[in-house]
Amino acid sequence: MKQSDATSSFQLPKLSYRVWKVWMRDRDVFMKTYKTNFLPPLLEPILYLLALGFGLGGFVQTIDGEPYIQFIAPALVSIAIMFSSFYECTYGSFVRMYYQKTFDAIIATPVSLEEVIAGELLWGATKSLVNSSIVLGVIAAFGLIPSPLFLLVPLVSFIAGLLFSSVAMCFTAISPNMDSFNYPSFLFITPMFLISGTFFPITALPQTIQVISKIFFPLTHTVAVNRALVLGKLELNLLFNLVWLLAVTPVFFVLSINLMKKRLIK
Amino acid sequence: MESEVLIEAENLTKKFGDLVAVNNINFDIFKGECFGFLGPNGAGKTTTIKMIHCVLPLTSGKLTVAGMDVTEKGREIKEMIGVAPQEDNLDPDFTVFHNLMVYARYFDIPKAEAERRTEELLRFVRLEEKRDVIIEHLSAGMKRRLILARALINEPQILILDEPTTGLDPQARHLIWDKIRGLRKQGVTVVLTTHYMDEAAQLCDRLIIMDYGKIIEEGKPSTLIKKHVGEEVLEVAYDEEVTQLLPKTLQDARVEVVSDRIHVFTTKPKGVFAKMLKEVPFKEAMIRDANLEDVFLKLTGRRLRE
């Protein structure tokens, strides 16, 4: 509690099994409204596949030897990962922190604030896992999963979901109000949605933007890994994507917990 | 009873930037008593109790609960404390029953035991009929009662109540008071903050009055009343003559003008005002018992704080 500001942002959080109590709380809320929760991840990919895959795809030549609809299918899974955890840990966490005072209620028990935030992050990752698995089911129904390696996609979903949750939680920690989430939404999420190799290969972009996309965009790496797994096309440069995800995730995980501590423990 | 110190603060200080919210205070809270923190808004009451239940780090000084230092043993201390906060932070997505069950889980209470305690507590705060109702359909009074029940789910030795009856109707207030008295009989130590002086007088064995982060007075309610405002207060309609006449009739009288009324305080025993009124009939005179509110206003002044 009495450390200098420079080191405090990367203090390793002390976590215990109590993290799961927070996770269970969020899960319980989710299960109460599961019927409406399952609808968007089920319908959205169907719309994209119809509009972009069949519609636009009719005008697009094959990409890397794959039909357009097959090219975008794994990207839809990845986009679901991004959206579900990012919005869970921005708007969702902000409501619980600021309006519902849920965090205040929990830290009056033996659960610590660090554990509350970690639980929120794990829940965000879980939502990515759940929603992207639904999308996976949809593209499977459309016959767009040629490789059994797709079984590894949920694992990727959880790791990438944890990363998007952590990045989101950093914004939550520094946002004065919910309107401020417009900034990360439009400056971070929308660009990623469009230029992370989702609807066309990033090689089609100018060199500088390609570099930015590869250095800063978690979605670029998520899409690359998921596409390889769904199509069963493993290449060596996938290692770079994997290492990037595995290295950056813990950094933001720790950073977001510390930023939230700074915001909430005065 | 006043033997074992359960909560002890030594030179306790809390700063938020430049603002000194709690300024070097000392107090002891004994096991089994009901201890009150009184003071105007911004006096430092809530800040102090948040340090006691380990959600706010100290700036300096020492604070122990059951012999454990709050900066080291937060988890252990929180296990033995129940907290009913000022604001409603119930989980709006859950029913009454589920709120308590989820809260029990944070304390590692096994499910069957949590169910038993939940049913019992809902009976205790008379919410058993609202068991399956979503929180938003509860009245303010019901929410307060549920928050009280939630604070008891871990069978705490210390119960912290931050303004437990603010905004409640008299029926709900009396019910909460009854429950607090019941808990005291079971040996629970109660620490409460309140703006209601009648509440403090009703419930507290001892209290402290804080202002601007400092303790300005402490003691038993009855002792404080006697010490600062005597036994009785005379209220009369405002009149120039009265203010001149009074000091002559009653030597030690302290006179306070409150809008169109004059409050007269004395250190003399009961009956002195009645005797005086027989000799000098003041307009709209009324004799009443001195109370804690008189003490509070005398010590903290009548000026608004916000």
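User: What share of the 306 residues in chain B is made up of buried residues?
Analyst: This is a predicted model, in which local features need pLDDT of at least 70 and side-chain atom pairs count only at pLDDT 80 or more, while totals for chains, interfaces and linings use all residues. Residues are numbered from 1 along each chain as its sequence is written, with chains lettered from A and ligands numbered from 1 in the order in which they are written. A residue is buried if 20 or more other C-beta atoms, placed from the backbone, lie within 10 Å of its own, exposed if 12 or fewer, and partly exposed in between. For the 306 residues of chain B, the buried share is 40%.

User: How many helices and strands are there in chain B?
Analyst: Helices (H or I, at least four residues) and strands (E, at least two) are DSSP runs, numbered from the N terminus. The C-alpha trace of chain B spans about 70 × 45 × 40 Å along its principal axes. Chain B contains 11 helices and 14 strands.

User: Is Phe86(A) buried or exposed?
Analyst: Phe86(A) is found in helix α5 of chain A. Beyond its neighbours within four places in sequence, Phe86(A) is in contact (C-beta atoms, placed from the backbone, within 7 Å) with Phe164(A), Ala168(A) and Ile189(A). Because Phe86(A) has 30 C-beta neighbours inside 10 Å, it counts as buried.

User: Are α3(B) and α4(B) parallel or oblique to each other?
Analyst: Helix α3 (residues 96-106) and helix α4 (residues 111-124) of chain B pack at an angle of about 135°, with their axes 10 Å apart. Among the residues making the contact are Phe97(B) and Met101(B) of α3(B), and Ala114(B) and Leu121(B) of α4(B). Angles under 35 degrees count as roughly parallel, over 145 as roughly antiparallel, 65 to 115 as roughly perpendicular and the rest as oblique. The two helices, α3(B) and α4(B), are therefore oblique.

User: At what angle do α3(B) and helix α5 (residues 140-151) of chain B pack?
Analyst: The contact takes Val96(B), Asn99(B), Leu100(B) and Tyr103(B) from α3(B), and Leu146(B), Ala149(B) and Arg150(B) from α5(B). Axes are lines fitted to C-alpha atoms, for helices over the stretch in contact, with angles running from 0 to 180 degrees between N-to-C directions. The axes of α3(B) and α5(B) are 10 Å apart, at an angle of about 25°.

User: Which helix supplies the largest share of the side of chain A that touches chain B?
Analyst: The contact takes 20 residues from chain A and 18 residues from chain B. On the side of chain A, α2 (19-32) and α6 (102-107) each supply at least two residues. The largest share, six residues, comes from α2(A).

Definitions and conventions: Two residues are in contact if their C-beta atoms, placed from the backbone, lie within 7 Å.
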